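Try each task yourself, then follow the solution step by step.

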Amino acid sequence: MKVRNLEERIKIDDLKEALIEIFSEYGTVIDLVVKKNLKAKGQAFVVFEDVEAAERAVKEVQGFELFDKPMLLDYARTKSDATVQREGNEEELELHKRRRLAEKERKQAHQAAEDQKKLKRPAGAAAPDAVAARPTKATRGAGLKSSNPGAGAVVPEEYLPPNKILFVQNLPEDYDVDGLTAIFGRFEGFREVRLVPGRKGIAFVEYEAEAGAISAKESTSGMGLGAESKPIKVVYQRQ
């Protein structure tokens, strides 16, 4: 169950204590997550042992004021980690976490692309009369096309959506295929490591499916390698 419109100035521990006290009246609370990041601040997720308890809470607590703000309650769109863990096993929980992470990164990539589009200057924004009134030297380049027309919509590497190929950067020069295989071969569905001829410090790592690439990226990004323990950069390959 999702709770919104919480007072953001209240300390996290105090907010958790108050929420547990309120919702425990409707059933056993097996998990409570209060969001700390700026974008999701003022939100929390309450996980009950059974659906009936959540239904009663949504019905009876809707609009109840907590710290002088009315709480807005709704059902969560996906199962919580705690629920998946109770109903399944560790393997199902790990798969659930990977899917949740992949969905989060897809949303981030989509948002980054939308933000880039907003920054692009709309084509034909200038009025025709204004164009005609420009000095002659300002139109000397008329008819020339940009060498990179899509530059304004390029998604930053950190927000690229998940796929089964990773792009690894900042590698020590002495790391070869065997060394990288020892690191990335530990993850499910590993296929191969590909070095780039004539280019040092970068490599591509391919998996059979996104799940393996997601696990590998999450576990190895920022890992220190070489004598200087230089952190490597791991992102998804740009499609």
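## Exercise 1: A tyrosine and its partner

Tyr-207 has a relative accessible area of 0%. The model you are looking at is a predicted one.

**Task.** Decide whether Tyr-207 is buried, partly exposed or exposed, then do likewise for Phe-190.

**Solution.** 
1. Buried means under 20% relative accessible area.
2. Tyr-207, with its 0%, is therefore buried.
3. For Phe-190 the relative accessible area is 22%, so this residue counts as partly exposed.

## Exercise 2: Aromatic pairs

**Task.** Find out how many aromatic pairs the whole structure holds, and describe how the rings of Phe-167 and Phe-204 are arranged.

**Solution.** 
1. Searching the whole structure gives three aromatic pairs.
2. One of them joins Phe-167 and Phe-204, with 5.0 Å from centre to centre and 20 degrees between the planes; this pair is stacked.
3. Phe-167 belongs to strand β7 and Phe-204 to strand β9, so their pair ties together parts lying 37 residues apart in sequence.
4. Both Phe-167 and Phe-204 are buried.
5. Now return to Phe-190 and Tyr-207: their ring centres are 5.9 Å apart and their planes stand at 70 degrees, so this pair is edge-to-face.
6. Because Phe-190 sits in strand β8 and Tyr-207 in strand β9, the pair ties together parts 17 residues apart in sequence.

## Exercise 3: The sheet around these rings

**Solution.** 
1. Look at β7 (residues 165–169) and β9 (residues 203–207): four bridges link them in the antiparallel sense.
2. Val-168 stands opposite Ala-203, a residue of β9.

## Exercise 4: Helices on the sheet

**Solution.** 
1. Several residues of α7 are buried, including Gly-212, Ile-214 and Lys-217.
2. After α7 comes Gly-222, which has a positive phi near 85 degrees.

## Exercise 5: The chain and its confidence

**Task.** Count the helices and strands of the chain, then find which element has the lowest mean pLDDT and which the highest.

**Solution.** 
1. The chain has seven helices and 12 strands.
2. Of its 239 residues, 31% are buried.
3. The accessible surface comes to about 16,000 Å², and carbon and sulfur atoms account for 49% of that.
4. The average pLDDT of the chain is 79, with 67% of the residues scoring at least 70.
5. Helix α5 (residues 128–132) has the lowest mean pLDDT among the elements, 49, while β9 has the highest, 94.
6. Over residues 135–152 pLDDT stays under 50, and the model has four contacts beyond four places in sequence for this stretch.

How values were computed:
Residues numbered from 1 in each chain as written. Predicted model: local features only at pLDDT ≥ 70, side-chain atom pairs only at ≥ 80, totals over all residues. Heavy atoms only, no water. Pairing = 2+ DSSP bridges. Helix = DSSP H or I, 4+ residues; strand = E, 2+ residues; numbered from the N terminus. Phe/Tyr/Trp six-rings, centres within 6.5 Å; stacked < 30°, edge-to-face > 60°. Buried < 20%, exposed > 50% of the residue type's maximum accessible area, 1.4 Å probe, protein only. Areas by Shrake-Rupley, 256 points an atom, 1.4 Å probe, with all protein chains shown as cover. pLDDT = per-residue confidence, 0-100. Contact = heavy atoms within 4.5 Å.
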